[in-house]
Amino acid sequence: MREEAFLFGHTRSLVGIVTDPPKAVRGHNLPAIIFLNAGIVHRVGPNRFYVKMARRLAAMGFVVLRFDFSGIGDSKAREDTLPFDKSSVSEVQEAINTLREARGIARFILIGLCSGAVIAFQTAWTDPRVIGTVLINGQSYNNKQLHVYVKNRQTAQAYKEGISYSFYNRKSWSKILTGHANYLSIIKSVVFLISFPLISRFTLQRKVSSEVDHFTRDLHVLAERGVRLLLIYSEQGRDFEYLKVAFGHQIHQSKSDGTLTIEVIPQADHTFDSLSSQDHLFSVVQEWIHPMIQH
Amino acid sequence: MYTGMPRGCIEPLYFGIPSKPLFGCYHIPQSGPTRDCGVVLCYPMGQEYIRSHRAFRQLAVRLADVGFPVLRFDFYGCGDSSGDCDQGEIHQWLTDLSTAVDEIRRRCGFGKICLVGLRLGGTLAAMAGATRGDIDGLVLWDAVSDGKAYLEELLAFAKRKRSQTDANQADISGFPLTPCMRTDLEHIDLLAIPKKLADNILLIESHQEAGEGRLKDQFERMGSYIDDQSFPGPQIWREEPDSSIVPVQILQAVVSWISEVYP
């Protein structure tokens with residue numbers, strides 16, 4: 001296995017690392033894999049797991065690139081005014097072009113966590129050279145109402161837990177009765193808990209279900225185009241809420257219909273902050289990608 | 001790989017022996033007179049590495065802007081360098097640091113070298129100063145002086161995170177702590193180094209750790225010129241990666257001190 005540092009992009013200011021497979025296992029018809037930054041964590045990924053996964057995938061025969069978007073990690077900030085949602089997609093395409101030139105590969109799989117998942121999804125829409133995506137803990141995929149709804153659901157849940165804890169706690173009652181409680185905060189929690197289901201029922205849920213329909217339709221359109229999609233969610237991450245809203249009860253089936261696969265990693269948090277959850281994640285990705293080698 | 005870089009740019013590169021290549025970013029000094037000293041930046045380890053990456057990049061850019069060639073690099077088993085996370089050892093990391101010093105000397109041709117290290121990176125910089133004897137300047141930024149206390153801190157962190165910890169391996173928030181590394185860390189004691197580390201040393205302190213004053217006394221006794229500066233504020237290695245704080249005051253203090261010592 002060999003790793004090489006690259007500077008690429010039209011200003012040669014994007015920094016990337018290509019991991020080449022050992023010659024003995026290099027698959028000549030295999031797609032290349034590109035990892036996209038998880039938020040502002042640089043290209044090694046949270047807990048360095050992008051590096052570990054890139055090396056495992058290279059050991060299977062894939063050429064793998066990890067790189068930093070402009071302004072993140074070692075890549076220089078852009079000097080134009082292109083917004084991030086546009087520049088990021090354009091930079092993934094520059095990465096694709098670079099690998100095409102440097103390694104002669106024409107098909108690509110994108111892997112991203114959190115915002116990286118969202119960018120992978122958007123690029124797959126834009127660029128037909130993308131034949132597969134691994135979307136890890138992607139959140140609302142730019143669906144604004146879904147984002148607001150899930151945030152409010154989580155806030156309501158937190159208020160509910162707080163109130164339920166205080167109700168059975170002697171100290172809380174003592175504070176309320178002696179005038180030492182934060183009454184404004186209590187009133188705010190109660191008002192929110194009463195109003196949220198009503199607002200949800202009459203406005204948010206309708207808008208959200210229209211967005212979710214749109215999102216699932218988008219997924220299916222990609223799947224029909226032949227793009228293989230693997231959606232991975234951490235059970236303990238905040239992102240799991242998005243999955244529950246978007247796919248409802250179907251998530252418990254860890255479903256796969258050939259092109260769209262959904263997997264939930266138990267006891268994992270948003271950034272896979274435990275070695276066992278990282279191992280589980282690797283095995284899910286390896287299992288999903290393995291049939292490509294056989295083909 | 002792209003070569004022939006203009007001044008003010010960074011060059012990502014692999015260097016060192018082919019069986020254990022190390023990744024680094026070489027910051028070519030900005031136009032203007034180049035200072036007569038190369039600077040090597042030493043990251044901390046594990047989660048602390050991820051959390052300090054942005055600040056280190058900014059520090060390197062600022063140093064290059066005032067004319068210093070800078071190499072910041074990943075130790076073996078860390079970041080983009082070769083090796084797995086469980087293969088790190090203090091002895092190997094000291095070898096890596098020497099390799100990085102040789103690399104920057106080869107690139108810029110200077111004899112003078114200043115090492116800047118945060119937390120365990122600072123400890124390694126200090127140990128390299130004592131071992132090599134040819135390091136001119138050291139910036140020890142909240143360096144770990146007592147390995148046992150550092151180890152306790154790591155294990156307490158793992159416990160808070162409810163990570164799996166056993167006799168063979170502890171899981172420090174997604175980074176393995178091997179028995180070998182535990183033993184290495186237990187033996188760290190900067191106060192016990194009986195040698196001069198460097199001619200000039202800057203001690204940066206952003207959190208109070210027992211023994212900071214004693215470090216200053218010890219290094220002075222060994223004949224180094226010591227400056228110590230305190231910056232109570234965020235400890236960037238403890239902040240969530242999403243906050244990615246850049247401690248501008250500390251970076252500015254480091255750049256000013258190095259610029260003054262190596263005009």
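Q: I'd like to start with strand β4 of chain B, residues 70–73. Which of its residues are buried, and on which sides?

A: Good place to begin! In this predicted model, both faces of the strand are covered. B:V70 and B:R72 are buried on one side, and B:L71 and B:F73 are buried on the other.

Q: Which strands pair with β4(B), and in what direction do they run?

A: Look for the bridges that join one strand to another. Strand β2 of chain B (residues 22–27) is joined to β4(B) by four bridges, and the two run antiparallel. Here B:Y26 has B:L71 as its bridge partner. Strand β3 of chain B (residues 38–42) also has four bridges to β4(B), but this pair runs parallel. In that pairing, B:L41 stands opposite B:R72.

Q: How should I read a salt bridge, and where does B:D80 form one?

A: The general idea is that side chains of opposite charge can pair when their charged atoms come close. In this structure, the side chains of B:D80 and A:R66 meet in a salt bridge, at 2.6 Å from N to O. B:D80 lies in the loop between β4 and α2 of chain B, while A:R66 is in strand β4 of chain A, so the pair joins two chains.

Q: Are B:D80 and A:R66 buried or exposed?

A: B:D80 counts as buried because its relative accessibility is 0%. A:R66 counts as buried too, also at 0%. Both residues belong to a network of salt bridges that also links A:R43, A:D68, A:D74 and B:R72.

Q: Which salt bridge does A:E91 form?

A: A:E91 pairs with A:R78, with the closest N and O atoms 2.7 Å apart. A:E91 sits in helix α2 of chain A and A:R78 in the loop between β4 and α2, 13 residues apart. A:E91 is buried, at 1% relative accessible area, whereas A:R78 is partly exposed, at 23%.

Q: How many residues does each chain bring to the contact, and how much area is buried there?

A: Chain A gives 29 residues and chain B gives 34. About 2400 Å² is buried between the chains, and carbon and sulfur atoms give 55% of that area. On the chain A side, A:R48, A:D74 and A:L275 lose the most area, together 24% of what that side buries.

Q: What polar pairs cross the interface, and which element of chain A gives the largest share?

A: Three salt bridges are found across the interface, and 16 residue pairs are in polar contact. On the side of chain A that touches chain B, β1(A) gives the largest share, five residues. That side divides into 10 nonpolar, eight polar and 11 charged residues.

Note on methods
Residues are numbered from 1 along each chain as its sequence is written. Chains are lettered from A and ligands numbered from 1 in the order in which they are written. This is a predicted model: local features need pLDDT of at least 70, side-chain atom pairs count only at pLDDT 80 or more; totals for chains, interfaces and linings use all residues. Side-chain values use heavy atoms; hydrogens and water are left out. Contact means heavy atoms within 4.5 Å. Buried area is the accessible area (1.4 Å probe) that two parts lose on being put together, summed over both. A salt bridge is a side-chain nitrogen of Lys or Arg within 4 Å of a carboxyl oxygen of Asp or Glu. A polar contact is a pair of N or O atoms within 3.5 Å; within protein, one must be able to donate a hydrogen and the other to accept it, and residues adjacent in sequence count only if both atoms are side-chain atoms. Ala, Val, Leu, Ile, Met, Phe, Trp, Tyr, Cys and Pro count as nonpolar, Asp, Glu, Lys and Arg as charged, and the others, Gly among them, as polar. Buried means under 20% relative accessible area, exposed over 50%, partly exposed in between (1.4 Å probe, protein chains only). Two strands pair if DSSP finds at least two bridges between them.
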